[in-house]
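Subject: Structure handover

Hello,

Please find the structure below. My notes on what was found in it follow.

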Amino acid sequence: MLKSVTVTAIVKLMADGQFHSGSEIGHLLGLSRAAVWKIMKSIRENGISVEAVNGKGYRVPGGLDPLDATVICQFLSPDARRYFTQIEVVQVIESTNTRASEYVRNVMVDGVAGGYACLAEQQTHGRGRRGRTWVSPFGRSVYLSVVWRFEAGFSAIQGLSLAVGVSVCEVVESLGGGGVWLKWPNDIYHGQQKLGGILVDVAGDADGSCIAVIGVGVNADIPEDAGAEIDKPWTDMAKIGVRADRNLVASRLLSGIFEMLVVFEREGFVGALPAWKRFDGLTGKAVTVDVGGVAINGDVAGIDSSGALILDTSSGRKLCSAGEVSIRCWS
Ligand code: BTN
């Protein structure tokens, strides 16, 4: 695998989408042209499309929009800037949630509230809900994880992932992405296509404090070859009209998640319920909910104050606190 510092230097240089000769790149990195060729091959293998033209050199068609921790910090809301004391941007990583969990194990000590967020250009083992893979091509999405400590334990985080979904929808909408909606519990959709997802990992005691690692993935401008690996209909911010710089998107997401967490700690999921209802795209729909391998058919009647799905079935009203929804009739 390429060294992160090498990838960072190349990404910065190639971000402009212009041609750069092998000797220019070699000079920058202190390498021969043959070594540059090898690096470009490896960069392609990392998911970046690199064009090579004789006599001109290499370019990334369309350029790149690299993540930059300093720029992300500048765009944060004042309260979020005070809270996030460490924003780590990495190039290629297994998973930002895994990285943030390692941070929790290695760095966080009792009484330290958090303030850590991790973002990556690419995830080699991006994790989705229910053991799925989150397809994570280089530089074309936002992958981030935020660490938050809840002093009141597991009971305090009921509905957390739904509240995160609300803040992601609010951010996408504020950036011009109208029409986003939530598919319970926390999938972010536009039309019939998935735009983003949330994965919350929790560690700690049932009664004592627990730590949530809140992972958010939002497709920004997914290349078709990477999109072909996604196992369900998908969309991205570019396709729904959001043209914002990924640093701005990342920053708004961090600020939005931080502000949501402050309210969530005070009020629980109830504080996010009115906004959830605004983005709810399931109420009134005929669905099948897979609850631990058991399929339940019904019509969605909303969600309750804990975030459980209310389902009207042929055998009466049922509450589902976890599960996977498939929509049987979209209209
Ligand atoms: C889903 O809808 O299945 C959840 C997807 C969550 C993906 C994000 S990307 C950042 C963070 N790191 C991961 O490995 N997963 C989450």
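How many Å apart are the mean positions of the 32 positive and 35 negative charges of the chain? They are 4 Å apart. Please keep in mind that this is a predicted model.

Overall picture

The chain has 331 residues, and a compact globule of that length would have a radius of gyration near 20 Å. The value for this chain is 21 Å, which agrees with the compact globule. The C-alpha trace spans about 70 × 50 × 35 Å along its principal axes. There are 10 helices and 14 strands in the chain.

Of the 331 residues, 53% count as buried. The accessible surface of the chain is about 14,900 Å², and carbon and sulfur atoms account for 51% of that surface. Contacts were also sorted by separation along the sequence: among those between residues at least 6 apart, 66% join residues at least 24 apart.

Aromatic rings

A pair of aromatic rings is described by the distance of the centres and the angle of the planes. Searching the whole structure gives 8 aromatic pairs. One of them is Y83 with F84: the ring centres are 5.0 Å apart and the planes are at 75°, so this pair is edge-to-face, the angle being over 60 degrees. Y83 is buried, because its relative accessible area of 14% is under 20%. F84 is buried too, with a relative accessibility of 4%.

F84 also pairs with F258. Here the centres are 6.4 Å apart and the planes are at 65°, so this pair is edge-to-face. Which parts of the chain does the pair of F84 and F258 link? F84 lies in the loop between α5 (78-83) and β3 (86-93), while F258 is in helix α9 (residues 246-267). The two residues are 174 residues apart, and their pair links distant parts of the chain. F258 is buried, with a relative accessible area of 9%. Y83, F84 and F258 belong, together with W148, to one aromatic cluster.

Two further residues

Is W234 buried or exposed? W234 has 14% relative accessibility, so W234 counts as buried. This residue sits in the loop between α8 (224-227) and α9. Leaving out residues up to four places away in sequence, W234 touches Q193, K194, N219, I222, E224, G227 and K239. W234 and S305 are 71 residues apart in sequence, and their C-alpha atoms are 30 Å apart in space.

V213 is found in strand β9 (residues 210-219). With 3% relative accessibility, V213 counts as buried. Which residues does V213 touch, not counting those up to four places away in sequence? They are N97, A100, S101, V104, S145, V146, V147, L199, V200 and D201. R278 is 65 residues from V213 along the chain, and 26 Å separates the C-alpha atoms of V213 and R278.

To look at these places yourself, start with the cluster of Y83, F84, W148 and F258. Then go to W234 in its loop and to V213 in strand β9.

Regards

Definitions and conventions
Residues are numbered from 1 along each chain as its sequence is written. This is a predicted model: local features need pLDDT of at least 70, side-chain atom pairs count only at pLDDT 80 or more; totals for chains, interfaces and linings use all residues. Side-chain values use heavy atoms; hydrogens and water are left out. Rings of Phe, Tyr and Trp (its six-membered ring) pair if their centres lie within 6.5 Å; planes under 30 degrees apart count as stacked, over 60 as edge-to-face and the rest as tilted. Buried means under 20% relative accessible area, exposed over 50%, partly exposed in between (1.4 Å probe, protein chains only). Helices (H or I, at least four residues) and strands (E, at least two) are DSSP runs, numbered from the N terminus. The radius of gyration is taken over C-alpha atoms; the globule rule is 2.2 Å times the number of residues to the power 0.38. Contact means heavy atoms within 4.5 Å. Accessible areas come from the Shrake-Rupley method with a 1.4 Å probe; for residues, only the protein chains shown count as cover. Lys and Arg count as positive and Asp and Glu as negative; His and the chain ends are not counted. The place of a charge is taken as NZ of Lys, CZ of Arg, CG of Asp or CD of Glu.
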